[in-house]
Amino acid sequence: MAVKDAGQAASSQSRGARGRASRSAAAVADRPPEQAELVQLLTPEGERVKHPDYPLDITAAEVKGLYRDLVIVRRIDFEAIALQRQGELGIWASLLGQEAAQVGSGRALGPRDMAFPTYREHGVAWCRGLDPMKLLELFRGVSHGGWDPTEHNFHLYTIVIGSQTLHATGYAMGIQRDGAVGEDGEAVIVYFGDGATSQGDVNEAFIYASVNNAPVVFFCQNNQWAISEPLERQSRVPLYQRASGFGFPGVRVDGNDVFACLAVTRKAMQAAREGQGPTLIEAYTYRMGAHTTTDDPTRYRLSAELEAWKLKDPIERVKQYLIRTEQVEMSFFDEVDAEAAEVGGQVRAACQTMPDPLPESMFDDVYTSRTAQNAAERAEFDAYLDSFVGEEAAR
Ligand SMILES: Cc1ncc(C[n+]2csc(CCOP(=O)(O)OP(=O)(O)O)c2C)c(N)n1
Ligand SMILES: [Mg+2]
């Protein structure tokens, strides 16, 4: 990314008349993020580093728990991609490379906090306790994308880019009006991508959240790509710096560092719960796979970029840390792999035996109570389905 950021700076300068603010922003963007503004607590080599604003006391059991989460969510993802390739799922949006951003932030949430995901937050779903089968039902096209958001305080997947930031902000304003901010308060986290930051909805959500001091954390996974559009097509300044223009803090965290994502999200959520308002977290990461299984990234990006990010793998660094600090027996890794394989097998078996929904179920849950029009349309559809019964018998 240093190369891209330098390109950003150069093209900002070439526009000349853009003014002091954008030139100084370009100067910041010119610095490699690793040396400048990135919060990191665990290096890609698995070395623990300290940050004055984000102390993190973490036990061996907690580190092992995070490692287990990372490995299992990668395995679920791997299995889902394979299932799509075998025709069992219509589509899948892979989280490969973004496990630390999702597990770190997901494990920073309290049970009463509410999470609003996009369509890629399988790792957050796992941390919230949602059955992975619920995700697969959606991508197999046998559910209306439904689970009960209140069951695990994990809202529905959202395909309309950025729209969930408004839902989350409205929900956070509701928390405020319920008097649930302050000591023992609740907060909201909303996930979105780098591309989503160009949406009007996201910018409107920033304004509402800011002027209302809403208890919401904006968690942007900057995975460098919005399908085939690179980050430099979205912003001339690092994304986290956008927050200051809206009047709330922004922080860039190493999105491949599960410790840093945990610590930064914990702090931002706690601030929101206590009534200190929103924070924008930019988790600086990389989408290692295709945008979805319908995409072919080799058509628009260089493999060298992928190779560079492989060295920053979110799982490998935790493994190296555990080995380095002698917190585990080597058998621990085999145990986690075995457990992940078991979860993968369960996902596969359950996906292949999922019942198809009844066609008429599309009329269910459209309204909280059935309207006359909905009932009439359902009756018409039932009659249409019945018209095939005799036809089948005649064959
Ligand atoms: C309002 C809207 N516009 C366009 C699309 C098509 N679309 C689907 S994903 C995507 C890119 C999103 O990129 P980003 O926000 O970076 O998230 P990522 O997929 O990288 O996680 C687009 C443009 C959409 N779903 N909704
Ligand atoms: Mg993206």
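Reader: Let's start with D184. Where is D184 found?

Author: D184 is found in the loop between α8 (163-177) and β3. Helices (H or I, at least four residues) and strands (E, at least two) are DSSP runs, numbered from the N terminus. Please keep in mind that this is a predicted model, in which local features need pLDDT of at least 70 and side-chain atom pairs count only at pLDDT 80 or more, while totals for chains, interfaces and linings use all residues. Residues are numbered from 1 along each chain as its sequence is written, and chains are lettered from A and ligands numbered from 1 in the order in which they are written.

Reader: What makes E326 exposed?

Author: E326 has 8 other C-beta atoms within 10 Å, so the label is exposed. E326 lies in the loop between α13 (314-324) and α14, and its phi is positive, about 55°, although E326 is not a glycine.

Reader: How do you know that R317 is buried?

Author: By the count again: R317 has 24 other C-beta atoms within 10 Å, so R317 is buried. R317 sits in helix α13. Not counting residues up to four places away in sequence, R317 touches L42, T43, P44, E45 and G46; two residues are in contact if their C-beta atoms, placed from the backbone, lie within 7 Å. L42 is 275 residues from R317 in sequence, yet their C-alpha atoms are 7.3 Å apart in space.

Reader: And what makes L89 buried?

Author: L89 has 21 C-beta neighbours inside 10 Å, so L89 counts as buried. Its place is the loop between α3 and α4 (99-106). Leaving out residues up to four places away, L89 touches A80, L83, Q84, L136, F139 and R140.

Reader: Why does A350 count as partly exposed?

Author: A350 has 14 C-beta neighbours inside 10 Å, so A350 falls in the middle class, partly exposed. A350 lies in helix α14, and its C-alpha is 7.2 Å from that of M133, 217 residues away in sequence. G141, in the loop between α6 (132-140) and α7 (149-152), is also partly exposed, with 13 other C-beta atoms within 10 Å.

Reader: How are α3 and α14 packed?

Author: Helix α3 (residues 60-85) and helix α14 (residues 331-352) pack at an angle of about 35°, with their axes 9 Å apart. Axes are lines fitted to C-alpha atoms, for helices over the stretch in contact, and angles run from 0 to 180 degrees between N-to-C directions. Among the contact residues are Y67, V71 and F78 of α3 and V336, A340 and V347 of α14. The residues of this contact divide into 13 nonpolar, 1 polar and 7 charged. Ala, Val, Leu, Ile, Met, Phe, Trp, Tyr, Cys and Pro count as nonpolar, Asp, Glu, Lys and Arg as charged, and the others, Gly among them, as polar.

Reader: What makes a set of residues a nonpolar core, and how many residues has the largest one here?

Author: A nonpolar core is a set of buried Ala, Val, Leu, Ile, Met, Phe, Trp, Tyr and Cys residues joined through C-beta atoms within 7 Å. The largest has 88 residues, and V188 and V190 are among those with the most contacts inside it. Helix α11 (residues 258-273) supplies the largest share, 10 residues. Leaving aside neighbours within four places, V188 is in contact with residues including F116, A172 and I175.

Reader: Which residues are closest to ligand 1?

Author: The closest are I161, G193, G195, A196 and A226, from a shell of 15 residues. A residue is near a molecule if its C-beta atom, placed from the backbone, lies within 6 Å of it. The shell divides into 8 nonpolar, 4 polar and 3 charged residues.

How values were computed
Buried ≥ 20, exposed ≤ 12 C-beta atoms within 10 Å, placed from the backbone.
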